[in-house]
Protein chains: 2
Amino acid sequence: MTNGRKVKLAEVAARAGVSVTTASYILNGRSAEMRIAADTQERVREAVAALGYRPNRTARSLRTRRTATFGLISDYLAFGNFSSEMLAGASAAARRADHLVLMGETEGDPDLENLLIEEMLDRQVDGLVFATLAATRIAINPRLTGVRAVLLNCVDLASDTPAVLPDDLGGGRTAAGLLLDAGIRDGIYVVGEDTNPVAVAGPLRLIGVEQRLREAGREIAGVVACNWDVRPAYDAVDAWLAGGARPSALICLNDRIAMGAYEALAEHRLRVPDDVSVVSFDGSELAGWLRPRLTSVALPFHDLGRRAIELLIDPDLAADPMVHLPMPVQPGGSVLNRF
Amino acid sequence: MTNGRKVKLAEVAARAGVSVTTASYILNGRSAEMRIAADTQERVREAVAALGYRPNRTARSLRTRRTATFGLISDYLAFGNFSSEMLAGASAAARRADHLVLMGETEGDPDLENLLIEEMLDRQVDGLVFATLAATRIAINPRLTGVRAVLLNCVDLASDTPAVLPDDLGGGRTAAGLLLDAGIRDGIYVVGEDTNPVAVAGPLRLIGVEQRLREAGREIAGVVACNWDVRPAYDAVDAWLAGGARPSALICLNDRIAMGAYEALAEHRLRVPDDVSVVSFDGSELAGWLRPRLTSVALPFHDLGRRAIELLIDPDLAADPMVHLPMPVQPGGSVLNRF
């Protein structure tokens, strides 16, 4: 650019004393094919540098049919640090493949979802990631039929579109394993049963916990139901403890539930981990802020974003249409080792 | 698309029994100009509907020189809910102007920043937002000279590029005003002095607090220095209280500091707000999770993202190159009303 004005190829050609066509051939790497003399090539490159000419990527995409962008549509973008980690993972993976990410937020509105998909297809994205911030079963938008697409944190059991999800069942097994490995075998309660019929995470985490305990010959002592947030969890655990419950460990189905449980335990003069061990899910920033630091089985949102884009780049990476990513332990000091 | 294959304009033209040029004129709204008969127009529209033809937006942009995208480059994308709120605000504002947002994360790497700017300019974005997640003074990237750009949450005092920032000074005044309005006039301490030389938020918040107290004939009783996170704040406030300090109120320079202060106060058997009132800054989700709910002067990240895009769309909106957005109070129960 000179003075904010876009330099035209014609100006490059004029300065180099060649035709626009010749300049175009040179800049598109086709000099050999056209037997263009080396000194002519050199003059054009000098003109490009002198004028600050920037090739028109849009024009180029007409030839290659690739605009080097992926689309990422999510129901919600403002959702703690999860969506930003997912976007960061997607953005980094796209960049490694010389792509940028066009993003859109549906706010859960089906009309807006339709519009965003149309707009991204209009812009000829090389593929689309469709994400939900809470793991759910969905019916895939029919506009995505025949389009290179990957579902992120959601799944349509009636569709062959690849889906990338956290391995919540494995995560549940991991959480139970943390307690068993610390010698805690009885009085293990789960806090935060999830009754949303399309929810995926809660039920799978619970099944994973049950499976792992059963393998060790143990079982869940009971389930405390509550909504998945700090205050409902505080209220539920407070009332439950007031009724005389004395757990040895709580498996909280997310970190916000664990924060509420911490507070209710403190209210009842029960110390974490000396009196009650706590493990949780999500691995959010919050887990690191609590005292003691909360041991949490983490949602791999950065990896989910990264993997979804990698599957767009190379669909053969998915041997199975559903890819489950492991949930790593984010260690803390909330589990008492009884050994 | 039919079977995932892109329908060509030539197929539309063939089905309608017109030339490709005629079909193109009709679909670009130039029928009147070319005196194309109404029934011909109708036939083309029917063919478009029957074949599911999607006009090639990339081709269109060659004529209009607009690809209908804005770029948003941020140093970090995974930064609590701030970046996701900013992106959501930017995305919604862009959509209202029929634009989508291309995003990129520099991870604080200058080479990556250069690369992302180049790539977005190559893709002919209609403008670029350059954001930092912590409010800072920066030297604007020379590649943005002559480009339509807006700085978000950062400022270059040597540049005329418009900058959108939270009004941290006004926010500081607001925080002090909350205490004065509740009848708290003495024993007001600030926790979390920020000594980073390029930081903008902390010093301005502190000046705002000082200004407002001075107007009421009062002053800050003292400042407790600590890094801006939960554990350093806990340690600093704990040590300070152990030394005999008895504040009537704490103004914590962010919510994570306030969480640490809450814990240290509890450790010393000081209740919030009965013994010590607490106000804070950021208005993050965390403020709503604490007990009692923390009164916090909120960073308007959604509005910052929205306004930055609006300034790209219409630069005349910025009467001044620096736009300061108000920081609204996110009310809680952490301030005792002494009246």
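Student: What is the strand order in the open sheet of chain B?
Tutor: The open sheet in chain B has 6 strands, in the order E7-E6-E8-E9-E10-E12, and the pairing is mixed. Keep in mind that this is a predicted model.

Student: Which strands sit at the edges?
Tutor: Strand E7 (222-225) and strand E12 (329-330) of chain B, each of which pairs on one side only.

Student: And how many bridges join E8 to E9 in chain B?
Tutor: There are 3 bridges between strand E8 (residues 249-252) and strand E9 (residues 277-282) of chain B, and the two strands run parallel. Across from Ala249(B) you will find Ser277(B) in E9(B).

Student: Which helices lie across strands of that sheet?
Tutor: Helix H7 (residues 168-181) of chain B lies across E6, E8, E9, E10 and E12 of chain B, at about 160° to E9(B). Helix H9 (residues 230-242) of chain B lies across E6 and E7, at about 135° to E7(B).

Student: Let's switch to chain A. Where is Cys226(A)?
Tutor: Cys226(A) is in the loop between strand E7 (222-225) and helix H9 (230-242) of chain A.

Student: Is Cys226(A) buried or exposed, and why?
Tutor: Cys226(A) counts as buried because 24 other C-beta atoms lie within 10 Å, and the cut-off for buried is 20 or more.

Student: What does Cys226(A) touch?
Tutor: Leaving aside residues up to four places away in sequence, Cys226(A) touches Val191(A), Gly192(A), Pro232(A), Ala233(A), Ala236(A) and Ile257(A).

Student: How many residues does H9(A) have, and what follows H9(A)?
Tutor: H9(A) has 13 residues and reaches 18 Å from its first C-alpha to its last, close to the 18 Å expected. Gly244(A) follows H9(A), with a positive phi near 105°.

Student: New topic: how is chain A divided into domains?
Tutor: Into domain 1 (9-55), domain 2 (66-166 + 301-325) and domain 3 (168-299). The C-alpha centres of domain 2 and domain 3 of chain A are 31 Å apart. Their contact takes 9 residues from domain 2 and 9 residues from domain 3.

Student: Which element gives the largest share on the domain 2 side?
Tutor: Strand E3 (residues 128-137) of chain A, with 4 residues. By type, the domain 2 side that touches domain 3 divides into 5 nonpolar, 3 polar and 1 charged.

Key: Residues are numbered from 1 along each chain as its sequence is written. Chains are lettered from A and ligands numbered from 1 in the order in which they are written. This is a predicted model: local features need pLDDT of at least 70, side-chain atom pairs count only at pLDDT 80 or more; totals for chains, interfaces and linings use all residues. A residue is buried if 20 or more other C-beta atoms lie within 10 Å of its own, exposed if 12 or fewer, and partly exposed in between; C-beta atoms are placed from the backbone. Two residues are in contact if their C-beta atoms, placed from the backbone, lie within 7 Å. Two strands pair if DSSP finds at least two bridges between them. Axes are lines fitted to C-alpha atoms, for helices over the stretch in contact, and angles run from 0 to 180 degrees between N-to-C directions. Domain bounds come from an automatic or database domain assignment. Ala, Val, Leu, Ile, Met, Phe, Trp, Tyr, Cys and Pro count as nonpolar, Asp, Glu, Lys and Arg as charged, and the others, Gly among them, as polar. The expected span of a helix is 1.5 Å times one less than its number of residues.
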